[in-house]
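Dear colleague,

I am handing over the structure below, together with an account of what was found in it. Please read the notes with the structure open beside you.

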Amino acid sequence: MSTTALRPALPGDTSMLASIFRSSIFELTEEDYDDDQQEAWAEAADDEEAFGTRVADQLTLVATRDGEPVGFVSVKDNAVIDLLYVRPDVAGEGVGTLLCDAAEKLAEARGAKSLKADASDTALGFFQARGYVPQRRNTVPLGEVWLANTTVEKTFGPGSAMQ
C-alpha cells in the first residue's frame with residue numbers, strides 16, 4: 001500500500017475534489033440515503049466554481065497517494081469540519097482518520113476549544129469512535145428532499161478525549 005501524504009488544497013484541485021465528493025456520496029452512503037437524497041446532496045459540487053470557492057475559503061487539506069488526491073477535509077472558521085470525503089476505493093484504509101487527525105491538531109493549535117461536524121448517518125460512527133459526542137439531530141432541506149444528519153462535537157484540552 002502506498003504512503004498517504006497531506007498537503008494544502010491547490011486551485012487546480014477543484015475538479016478532482018468535486019469528483020471525490022460526488023463518488024463518496026453515491027458509493028458510500030447508499031445504505032443510509034436514497035437516490036433522491038444522494039442526488040440532492042451531490043448537487044453541491046455541480047457548480048464547480050462555487051465548490052472551489054467553498055474549499056478555498058476554508059482550511060482545506062488534501063490526502064494524496066502517489067501524488068493523486070484520495071480524500072480531503074475542509075475546516076470552516078477553525079470550528080467546524082465542513083467537508084470530509086474520501087475516494088470510495090480507499091475507504092476504510094485510514095485516509096479519513098489521517099485527515100481528521102490533521103484537522104483536529106490544526107484547530108487545537110490555532111486555539112479552538114472544540115471541533116464540530118454535521119455527520120451524515122454514514123459517518124456518525126466514524127466521528128463517535130474519535131470521541132465526538134452527538135449534540136442534536138438535524139433535518140436539512142435540499143431542494144425537494146430532506147437529509148438527516150447529526151451535529152457532533154469533540155472538546156480539546158485537559159480532560160478531553162483528545163489523544
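Two strands are said to pair if DSSP finds at least two bridges between them, and the elements themselves are DSSP runs numbered from the N terminus, helices being H or I with at least four residues and strands being E with at least two. This is a predicted model, in which local features need pLDDT of at least 70 and side-chain atom pairs count only at pLDDT 80 or more, while totals for chains, interfaces and linings use all residues. Residues are numbered from 1 along each chain as its sequence is written, and side-chain values use heavy atoms, with hydrogens and water left out.

I begin with the sheet. Seven strands make up an open sheet with mixed pairing, in the order β1-β2-β3-β4-β5-β7-β6. Its edges are β1 and β6 (133–142), each of which has a single partner strand, so one side of each is left without a neighbour in the sheet. Strand β1 (residues 4–8) runs antiparallel to β2 and is joined to it by five bridges, with Pro8 having Leu61 in β2 as its bridge partner. Strand β2 (residues 59–65) is mostly covered, since six of its seven residues are buried (under 20% relative accessible area, with a 1.4 Å probe and protein chains only). Seven bridges then link β2 to the antiparallel strand β3 (residues 68–76), and Ala63 stands opposite Gly71 in β3. These two strands, β2 and β3, form a hairpin with two residues between them, and Asp66 in the turn has a positive phi of about 50°. By contrast, strand β4 (residues 80–86) and strand β5 (residues 114–120) run parallel, joined by two bridges; Val80 has Lys116 in β5 as its bridge partner.

Thr150 lies in strand β7 (residues 145–155) and is buried, with a relative accessible area of 6%. Its neighbours in contact (heavy atoms within 4.5 Å), not counting residues up to four places away in sequence, include Ala117, Leu124, Pro134 and Asn138. The side chains of Thr150 and Arg137 are joined by a polar contact of 2.9 Å, meaning a pair of N or O atoms within 3.5 Å, where within protein one must be able to donate a hydrogen and the other to accept it, and residues adjacent in sequence count only if both atoms are side-chain atoms.

As for the helices, α1 and α3 meet through residues that include Phe21 and Arg22 in α1 and Phe51 and Val55 in α3.

With best wishes

How values were computed:
Buried < 20%, exposed > 50% of the residue type's maximum accessible area, 1.4 Å probe, protein only.
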